[in-house]
Each structure stands twice: as structure tokens, then as C-alpha cells.
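The following exercises are to be worked through with the sequence and the model side by side. Each one sets a task and then gives a solution in steps.

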Amino acid sequence: MRKKTKQIIDHLSKQTWDNYKALCLVRLPLISFLYERGWRQAFTIVGGFPGAEKEFEIMKGFLKPVLGGNILDASCGSGLFSRLFAKSGLFSLVVALDYSENMLKQCYEFIQQEENFPKENFTLVRADISKLPFASNSIDAVHAGAAIHCWPSPSAAIAEITRVLRPGGVFVATTFVRDGPLSYVPFLSGITKDLGGFSFLSEGELEDLCRASGLVGFKCIRNRLFVMISATKPI
């Protein structure tokens, strides 16, 4: 019994340490600087991500029911999609939220460099994805681009996203999916679920997380390791 308990504690300790290392990585100034200067673009080569502009066009279809409302760009990074949302004029307010101070600083710097950026309808917020500083049923849409695999607890994060979504609100996200090409390689498939604090989930696991949080109408689009999912909070 003691041996089993120790094994559980050891496992949790390693998981906590891995999550801590992952959080530290994404908060580094260098990562913030590189994110839109090659890091994010590499997702297209490595994982099959369509690229920001194409992803934006695809997700607009999922977000159509809530256009004109407010949108939270959760784990926004350097604000790649936050800025696209703001400049599109499709939303009344864009909230760019991230846990990394350096990512938010980089987002601010990009905004300052753009002419005629709609700053009056844009705000930056630093917060933990599992403890969102918003009232329940107050957000029309939540987007999380290439972020779920970085969250220490995807289940807690999606439950919190569901809480702040208004009835009829839409959650749309992209991430690396685990049951892609790597699932057919015995060695790699065994290490991709939890790699250095990053959680790579399967399509079924992503759907289960949405369902467990109370979201309905799960949909997804896939290409190699890329997946875009969407689900709605029931009215």
C-alpha cells in the first residue's frame, strides 16, 4: 500500500514539475520574441497547421452564430489571433488573455506598431486559464489557438471556459492531436500524451472534455497533427 502511494506521489510530483517547466518555457522573453518570427510558422511544417490567415477563415464559420458579440482569445500568446479578431471588426470587444507577461508585452508592442489599430475595442489581461477573472455567462466566444496542449489541466481550463460562456456561446480551439500520424509509430505514440509537461490529447479525449464540461455540438477539422474543434454552451 505504501509503495503504491509513493508511486502515485512520485507520478504527481513529476507531472507538477513537468507542468512547471512548460509554463516557464512559454513565459521566456526569447519565446515571446520568436513566437511570430518562426516558432508559430513551424507548426505548419511540423503539424499541418494551415497558417494563421487560413485558420482564421475556417474558425469564422464556427463563430458565425456569435459575430458582433465579445470574444476572449484565451492563451493568446503574442496576440496573433487577437489582433486579427480586432482588425476584422467582427466583434464588439476583443480580450487578449495570457499567463505570460512577456507574451502580453510582445502583443502590446505589435499593436503599437500598427496604424489605425482599434485599441478602443481591445484589452489585454493576464490571468490563469483555469481561474478566469470574468463573470459567469458573460462571454460570447472563446478562442484558444494552439494552446490546449500547454495547459496544466485541460479539463479544468475547459470547465472554466464553459462557466464564462453565455448560453449559446461558442468555444473554438486548435491544438496538436495525438491520434494523428504519430499514433501509428509504437515508440512515438507512447510519449506524445504527456511530453515535458505538454498534454497531447486524441480527438476523442478532446470531445470527452467538452462534453464533461457541459458543451454540446462538438465538431472538428483535422489535417495531420492539426485539429480545430468547436463546441457550444447549451441555451
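Predicted model: local features only at pLDDT ≥ 70, side-chain atom pairs only at ≥ 80, totals over all residues.

**Exercise 1. The open sheet**

Determine the strand order of the open sheet, and then follow the pairing from β1 through β4 to β5.

Solution. Step 1: the sheet has 7 strands in the order β3-β2-β1-β4-β5-β9-β8, and its pairing is mixed; two strands pair if DSSP finds at least two bridges between them. The edge strands, β3 and β8, each pair on one side only. From one strand to the next the twist averages 15 degrees, with axes taken as lines fitted to C-alpha atoms (for helices over the stretch in contact) and angles running from 0 to 180 degrees between N-to-C directions.

Step 1: β1 pairs in the parallel sense with strand β2 (residues 93-98) over 5 bridges, and I71 stands opposite V94 in β2. β1 also runs parallel to β4, to which 3 bridges join it, and here L72 stands opposite V142 in β4.

Step 2: β4 in turn pairs with β5, in the parallel sense and over 5 bridges, and the bridge partner of V142 in β5 is F171. Strand β4 (residues 139-144) is mostly covered, since 6 of its 6 residues are buried.

**Exercise 2. Helix α6**

Which residues of α6 are buried, and how are they arranged about the helix axis?

Solution. Step 1: check the length. The 13 residues of α6 should span 18 Å at 1.5 Å a residue, and the end C-alpha atoms are 19 Å apart, which agrees; the expected span is 1.5 Å times one less than the number of residues.

Step 1: list the covered positions, which are M103, L104, Q106, C107, F110 and I111. Seen down the axis of α6, the buried residues fall within an arc of 160 degrees, so they line one face of the helix; the arc is that of the directions from the helix axis to the C-beta atoms. In general, an α-helix has 3.6 residues a turn, so residues three or four places apart point the same way.

Step 2: turn to the other face, away from the buried side, which carries the exposed residues K105 and Q113. The N-terminal end of α6 is capped by S100, a side-chain oxygen of which lies 3.3 Å from the backbone nitrogen of N102.

**Exercise 3. Salt bridges**

How many salt bridges does the structure hold? Examine three of them, formed by K87, R222 and R211.

Solution. Step 1: the structure holds 13 salt bridges, a salt bridge being a side-chain nitrogen of Lys or Arg within 4 Å of a carboxyl oxygen of Asp or Glu.

Step 1: K87 pairs with E114, the closest N and O atoms being 3.1 Å apart. This pair links distant parts of the chain, with K87 in helix α5 (residues 80-88) and E114 in the loop between α6 (101-113) and β3 (122-126), 27 residues apart. K87 is partly exposed at 46% relative accessible area, and E114 is partly exposed at 22%. Both belong to a network of salt bridges that links E36, R83, K87 and E114.

Step 2: R222 and D179 meet in a salt bridge of 3.4 Å, N to O. Here too distant parts of the chain are linked, R222 being in strand β8 (residues 216-223) and D179 in the loop between β5 (165-176) and α8 (186-189), 43 residues apart.

Step 3: R211 forms a salt bridge with D208, with 3.0 Å between the closest N and O atoms. R211 and D208 both lie in helix α9 (residues 203-212), 3 residues apart, or about one turn of the helix.

Key. Residues numbered from 1 in each chain as written. Heavy atoms only, no water. Helix = DSSP H or I, 4+ residues; strand = E, 2+ residues; numbered from the N terminus. Buried < 20%, exposed > 50% of the residue type's maximum accessible area, 1.4 Å probe, protein only. Polar contact = N/O pair within 3.5 Å; in protein donor to acceptor, adjacent residues only side chain to side chain.
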